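Colleague: Please show me the model, and then let us discuss how its chains and its secondary structure elements pack.

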Protein chains: 2
Amino acid sequence: MKPYREMSREELLQLKAELEERYHEVQVQNLHLDMSRGKPSAEQLDISMGMMDVLNSSVDLKDSEGVDCRNYGVLDGVKQAKELLGQMSEVSPDKIIIYGNSSLNVMYDTVARAMTHGIMGHTPWCKQEKIKFLCPVPGYDRHFAITEYFGIEMLNVPMTPEGPDMDLVEKLVSSDSAIKGIWCVPKYSNPQGITYSDETVRRFARLKPAAEDFRIFWDNAYCVHHLYDDHQDFLLEILDECEKAGNPDIVYKFCSTSKISFPGSGVACIATSPNNLKDIRKQLTIQTIGHDKVNQLRHVRFFKDIDGIHAHMRKHAAIMRPKFEEVLDTLDRELSDLGIGSWIRPRGGYFISFDAMEGCAKAIVAKCKAAGVVMTGAGATFPYGKDPKDSNIRIAPSFPTKEELAVATDLFVLCVKLASVEKLLGE
Amino acid sequence: MKPYREMSREELLQLKAELEERYHEVQVQNLHLDMSRGKPSAEQLDISMGMMDVLNSSVDLKDSEGVDCRNYGVLDGVKQAKELLGQMSEVSPDKIIIYGNSSLNVMYDTVARAMTHGIMGHTPWCKQEKIKFLCPVPGYDRHFAITEYFGIEMLNVPMTPEGPDMDLVEKLVSSDSAIKGIWCVPKYSNPQGITYSDETVRRFARLKPAAEDFRIFWDNAYCVHHLYDDHQDFLLEILDECEKAGNPDIVYKFCSTSKISFPGSGVACIATSPNNLKDIRKQLTIQTIGHDKVNQLRHVRFFKDIDGIHAHMRKHAAIMRPKFEEVLDTLDRELSDLGIGSWIRPRGGYFISFDAMEGCAKAIVAKCKAAGVVMTGAGATFPYGKDPKDSNIRIAPSFPTKEELAVATDLFVLCVKLASVEKLLGE
């Protein structure tokens, strides 16, 4: 089929009629499918069920150092958990604090602490006139929700195939002392699945911010979430790069097992410099006596080490890969030549990012919804929910079965075509 | 023996020599005992080990409503957990939000949210000129640490056998709009083991604060932590009383299973009015996708209902009771007639509060430490660690064995006597 833009009005009208007929055929099927959230499928959760067996009443709940994990204490997390999540984060265990079940919660608390108490002795953000964050777009809606909630002004920075536009990042960060942070998902980014290039990581590490209390919020959510064994992205370890660049305190790195073991029942952590850790502990010791050490031990005993995690992630990949391929192959087959959308084929992570013709994203998502398929809301991948081009749509292939996904993707493609035709017809 | 104050200088010097001799005898024993923190003993933790068996890989991890507890979602906590903790908190499940592992963390977050976002639409506390909290004394050091951390000025309110001095509370709260809260441990209070009287609870419910964003921080940490089956304290349910008094939004009630199941691996909750819950959810949905539902389910399956909790708490009591009696009987036997200290015989909770002669608490704790027994730091039961009379000492009998406790209490009593004699001698 030829590109839509090259079609005559007549051809477009003809096409529209055909597409509408097919759309109505789907509508009567009364679908109830969901491609909106990065939620593992039940099949994925099943592969972690062994975790429910590693601790039982006849097992000793002491860690390798003799700490009774059932009792109070150990603010930072047990040593073995620091080692495990340290391996996962590619940093030494002494740069890790283990938290509760959610890295989102750690990020929220990190911003909240900066608001009320400032960073490493600097004026609390709530006492400063204006606080701004850079937001690579498209990005993760829950990041943007945190900064919006705290009244932090968000500035869009476009993503490139190498990561955020670093020319712009450097220019803004070095010139405006109100800019205190940047949200990054550096590996298999949400939603594009882009991994930051070595050059991008090095430029991050060498940033010269106007604000001394500027921090990079490095959410390494998908650090081990590959789709392919032999076809993986590699990300430079940023703490190490920052140290080499003489910028050791500039980054907070976040990580969790939410999409490794059980979402909501995993273990989260922060990895950062000794100075930042000291600053964080001052607050953490007021907030809690300690996080759930029994669950830390459960993870340690189940995964053992990074090899255990990689082996486990291969099982996830075996489930996820066909789903990604189902969506991507359909997009390739149905849309490649039409000039009405573009997408990236990621090697890991949880999402596929689709860029429709400008001004079409909302219409596509609405059409999907009206036919029973819920997509992430158009605009969600931008601060304030405002996609200036109304173009980006996040596709989350993990939760539906492969069969459901095939149906949902067919509908999605149909809605993309229909909305594009309508747009070209000026409707 | 006659009261120390009635002794002649000669008699005191003679006594001092005897006490010093005994003290040196203990010192050479090189003790390493700890009566400093309200930490359950290993024996207590053992009674919860069955909790490690209720979930395993062949058990369905769906809750009563079909929610897969392994996956994301359910911000408020699963229904059955709300029911269980609702029963424990004596409020309806729809007034409950289930949190993570620590009620201290919930309290911290509650203060933090008030600082950055205010309470129910009122000006954030960080934007108000001055924030003050009332602190019944002696009280819980970790409460005071939270308010101190946020720069909140703390005002002491003396405890009475009925609870805080309500004349003073009413006077202060109604006249000073900078007073935004009061810390309460209303049942088996920390450290005195006092339970607030019905009249005290009703006066709390009928408070007319000058500040509309005043809240009672009602930490019901020891709600089911009785020492005796037939000899329990009863506490009026405050949410109910507040509602009756036309003051439904004035209280946040906190609760957890930390000293029921495993400290650090329990489940915490807040119970409050629909208006407050709505206010809290606005923030919580930004902070997290949800807390650990698998652990919620584990608690529900293990305890089943409030009867299960009460049966479990009787096992704790069987371990705790002899320890409390060991300490209290020793105090009665050794110190009753000497006029150098007073204490309360609690019916539950985790602590015994000892009031030494004015100006002696620090000396007693130091002497204990020098002989190998760690007590809670003198002053810790007061805001800023400052006991104006240097009199109160918190005794935590739970962690040592009964035998260790006997040794530690004997030393404590000896140190009380010695420090008192020294004081009376003007040393």
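**Helix packing between the chains**

Modeller: The axes of helix 4 (residues 103-117) of chain A and helix 4 of chain B come within 10 Å and cross at roughly 60°. Axes are lines fitted to C-alpha atoms, for helices over the stretch in contact, with angles from 0 to 180 degrees between N-to-C directions; helices (H or I, at least four residues) and strands (E, at least two) are DSSP runs numbered from the N terminus. This is a predicted model, in which local features need pLDDT of at least 70, side-chain atom pairs count only at pLDDT 80 or more, and totals for chains, interfaces and linings use all residues. Residues are numbered from 1 along each chain as its sequence is written, and chains are lettered from A and ligands numbered from 1 in the order in which they are written.

Colleague: Which term describes helix 4 of chain A relative to helix 4 of chain B?

Modeller: The two axes cross at roughly 60°. Angles under 35 degrees count as roughly parallel, over 145 as roughly antiparallel, 65 to 115 as roughly perpendicular and the rest as oblique. Helix 4 of chain A is therefore, relative to helix 4 of chain B, oblique.

Colleague: Which residues of helix 4 of chain B make the contact with helix 4 of chain A?

Modeller: Two residues are in contact if their C-beta atoms, placed from the backbone, lie within 7 Å. Helix 4 of chain A contributes A:Ala112, A:Met115 and A:Thr116. From helix 4 of chain B come B:Ala112, B:Met115 and B:Thr116.

Colleague: Which helix of chain B gives the largest share of the side that touches chain A?

Modeller: The contact takes 43 residues from chain B and 43 residues from chain A. Elements giving two or more residues to the chain B side include helix 9 (274-287) and helix 10 (293-303) of chain B. The largest share, six residues, comes from helix 4 of chain B.

Colleague: Which strands stand at the edges of the open sheet in chain A?

Modeller: The sheet has three strands in the order 10-11-13, with antiparallel pairing; two strands pair if DSSP finds at least two bridges between them. Each edge strand has a single partner strand, so one side of each is left without a neighbour in the sheet. The edges are strand 10 (341-343) and strand 13 (392-395) of chain A.

Colleague: What is the bridge partner of A:Trp343?

Modeller: Three bridges join strand 10 of chain A to strand 11 (residues 352-356) of chain A. In strand 11 of chain A, the partner of A:Trp343 is A:Phe354.
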